[in-house]
Amino acid sequence: MKFVKFAIVFFILIMATVSVNVQYIIASDKSYSDIDQSYAKKAIIELTEKGIMNGITSQHFQPKSVITRGDFIVTLVKALQLPVDLSLTSSEAFNDVELTIAPYVTAAYKAGITNGFEDGKFRPSESLTREQAAKFLSYGWNIIKKENIDDSADSIRYFQDEDTISAWARPFVNLVVGAKLLQGHANGKFDPKGTLTREMTAQMVFNFIRLTEISPLDKPHAPSGLTASERVGSSITFSWDAPSDATNIVAYDIFNGWDGGKIGSSTTTHFTYNDMNPDISAAVYYVKSRDKEGRLSNKSNEYIFQTPFNSNLKIHPRFNTFQYNKNQQAELNVLGNISKEDAKHTTKIYATVHNLTSQDIIFSANNPLGQPEIIQEGSSTKPLIVAWGGPNGIRLSDYVLFETSLSLVIKFDVTLQKKGLYFVDFELRTLEETPQILTSQQAIMTGELQPIIATKPEFYIETRLDAPTYAKVNEKITIPVTITGKISPETILNRLVFQVRFIEPPVNLSQNDVSIENIPYFGETNESSFSGNNLIFKFEQSQYVSDLQAGLEKGITFDLVITIQKLGTFNLAASISPKEFYTQLPAETLTGNVSILTVE
């Protein structure tokens with residue numbers, strides 16, 4: 001029987017739905033902020049992902065806004081996947097249709113979906129009534145189902161206001177209601193002259209696609225290998241690799257990863273951005289492929305820009321309450337900002353214990369780095385020196401979060417068998433011919449083994465994964481999560497997000513192999529992507545620090561429930577991070593840990 005065993009090691013969407021005089025933009029990876037209360041939320045997200053509908057802005061869908069006749073036709077034509085000639089800038093059929101809407105209205109006209117009004121106009125900017133929508137949908141239904149519409153049908157099902165439905169619309173209302181494409185209101189009325197909103201449209205088209213079994217639209221393939229030149233003033237040049245299958249890709253869009261804003265487009269695999277703020281010290285960028293229908297791919301790898309800086313690392317000893325001559329647990333946290341150069345080092349952690357021998361203080365092998373190596377035996381004249389890291393040392397890059405923040409935590413069992421007060425010097429040294437000491441800290445061990453120095457920054461937020469439940473592969477795994485912290489006054493207006501990442505999974509793990517249930521405060525996962533070799537799941541809701549403050553002080557606890565469908569050993573991390581780029585929360589104050597999940 002296959003089981004999951006665990007060990008814990010610490011670390012820390014309509015292509016521009018085109019309407020006359022209105023410009024829409026393609027949504028970024030982030031979820032719309034105004035659809036949480038919409039009954040059509042699922043439909044909005046799925047149609048955005050398929051490039052059938054877009055937001056008004058990258059963050060707002062405006063579900064209650066009225067949709068125009070032109071916008072609805074664009075949406076329906078995309079859903080039907082009708083052939084569209086994007087080179088058209090006007091319509092031969094209608095003299096009031098032009099620019100980017102013309103290809104879609106022309107396609108609908110040729111398919112027999114619309115004939116416009118008797119005056120030869122289409123009136124694309126007018127709002128669409130529910131009975132007009134019923135007509136458009138009925139002809140779309142006929143294209144897929146090849147079912148003739150009974151124009152003589154006159155009976156109307158269900159509705160108290162059936163007398164207000166236009167005679168020409170009755171057969172169409174009958175069809176869409178019978179096919180469950182469109183429903184009446186809760187008051188028992190159809191409201192035929194009522195205008196259609198954007199969320200009504202999303203739900204209606206979503207139902208249409210599902211009931212007609214139209215094959216889903218495929219996104220273009222994503223680019224990869226995004227990198228950049230050194231910044232010169234306010235200019236930086238990005239380059240990337242085109243996907244192996246670049247069919248239908250017409251351009252690439254470049255985005256700022258902090259806010260999801262688009263900074264430019266290119267028809268080649270490079271782009272020079274000339275408006276970068278020269279004062280910015282760190283930023284994230286990614287690229288998406290765009291096809292001729294305006295659909296966007298998943299994002300490329302993230303390129304993290306940062307100006308050179310010196311590392312600022314600290315060792316924090318964390319000793320639990322100890323009794324003399326009793327085996328108990330201690331921790332060493334190595335936290336702080338780390339430069340790219342220092343992150344390349346392989347290191348060991350050294351402990352120099354004064355006035356003790358290896359018989360007086362015993363360190364067990366109960367940690368992922370194994371038994372510490374005795375570098376020098378202690379005596380009356382020499383300190384005891386031990387080192388953690390094993391024969392290959394500790395590769396710091398394995399413990400770097402967000403490219404700039406190091407969080408290395410070692411837990412080990414220790415027994416102090418000699419009473420007294422003893423000084424211990426902890427150091428993080430590089431493995432070089434001439435070793436560098438990247439950080440050091442002295443602590444005091446007494447009979448109770450309590451550190452005298454501060455063990456945490458003055459302000460911090462810590463996310464810890466506890467021991468998960470025992471579970472079979474492809475079954476739910478419950479991992480208790482505790483978030484604690486102490487917040488400074490200037491950080492209360494910051495917003496925080498929660499994410500879970502699989503760090504460099506050793507097997508071919510995809511987003512579809514992992515499912516994560518909703519969690520308190522942060523809701524459901526709304527995005528999963530690869531950043532480098534890490535598979536990241538982000539949760540849709542953010543929280544202001546002020547709203548979490550009381551809970552952080554007491555400890556916010558909940559269960560993280562995950563199902564994994566593949567065998568292997570996975571490094572799983574959970575973390576809190578700022579939503580905004582400009583934040584008063586230093587990176588080294590946001591700590592967490594990693595669980596090693598072995599699925600056998």
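Which helix do the buried residues of α3 pack against? In this predicted model, the buried residues of α3 pack against α2, residues 69-80. Helix α3 spans residues 102-110, and seven of its nine residues are buried, so the helix is largely enclosed by the rest of the structure. The buried positions are A102, P103, Y104, V105, T106, A107 and A108. G112 follows α3 and has a positive phi, near 80°. At R69, the charged end of the side chain sits over the ring of F122, 4.6 Å from the ring centre.

An open sheet is built from four strands in the order β5-β4-β7-β8, with antiparallel pairing. Its edges are β5 (262-266) and β8 (303-306), each of which pairs on one side only. From one strand to the next, the twist averages 25°. Strand β4 covers residues 249-256 and strand β7 covers residues 282-291. The two run antiparallel and are joined by seven bridges. Within this pairing, F255 has Y286 of β7 as its bridge partner. Y286 also takes part in a contact with a charge: K299 lies over the face of its ring, at 4.8 Å from the ring centre.

A salt bridge connects K262 and D253, with 3.5 Å between the closest N and O atoms. D253 has a relative accessible area of 2%, under the 20% limit, and so is buried.

Strand β28 (residues 556-564) is mostly covered, with seven of its nine residues buried. It pairs with β22 (residues 476-486) in the antiparallel sense, over eight bridges. In that pairing, P480 stands opposite D559 of β28. Strand β24 (residues 514-516) also runs antiparallel to β28, and three bridges join the two. There, V514 has I564 of β28 as its bridge partner. One aromatic cluster is formed by F498, Y521, F522, F539 and F558.

T415 is found in strand β17, residues 405-416. Its relative accessible area is 11%, so T415 is buried. What does T415 touch, leaving aside its neighbours within four places in sequence? The contacts of T415 are N325, K326, N327, D360, I361 and I362.

Aromatic pairs number 18 in the structure. In one of them, the ring centres of Y32 and F61 lie 5.4 Å apart and the planes meet at 50°, so the pair is tilted. Y32 lies in the loop between β1 (3-11) and α1 (41-49), while F61 lies in the loop between α1 and α2. The pair therefore ties together parts that are 29 residues apart in sequence. Both Y32 and F61 are buried. A further pair, F238 and Y303, is edge-to-face, with 6.3 Å from centre to centre and 80° between the planes. This pair links distant parts of the chain, 65 residues apart: F238 belongs to strand β3 (residues 236-241) and Y303 to strand β8. Are these two residues buried or exposed? F238 counts as buried, at 0% relative accessibility. Y303 is buried too, with a relative accessible area of 15%.

The salt bridges total 16. Among them is the bridge between the side chains of E46 and K50, at 3.6 Å from N to O. E46 has 25% relative accessibility, which makes it partly exposed. Another salt bridge joins E341 to K344, where the closest N and O atoms are 3.2 Å apart. Why do both partners count as exposed? The relative accessibility of E341 is 54%, and the relative accessible area of K344 is 58%. Both values fall over the 50% limit, so each residue is classed as exposed.

Key. Residues are numbered from 1 along each chain as its sequence is written. This is a predicted model: local features need pLDDT of at least 70, side-chain atom pairs count only at pLDDT 80 or more; totals for chains, interfaces and linings use all residues. Side-chain values use heavy atoms; hydrogens and water are left out. A salt bridge is a side-chain nitrogen of Lys or Arg within 4 Å of a carboxyl oxygen of Asp or Glu. Buried means under 20% relative accessible area, exposed over 50%, partly exposed in between (1.4 Å probe, protein chains only). Two strands pair if DSSP finds at least two bridges between them. Contact means heavy atoms within 4.5 Å. Axes are lines fitted to C-alpha atoms, for helices over the stretch in contact, and angles run from 0 to 180 degrees between N-to-C directions. Rings of Phe, Tyr and Trp (its six-membered ring) pair if their centres lie within 6.5 Å; planes under 30 degrees apart count as stacked, over 60 as edge-to-face and the rest as tilted. A charge sits over a ring if NZ of Lys or CZ of Arg is within 6 Å of the ring centre and within 35 degrees of the ring normal.
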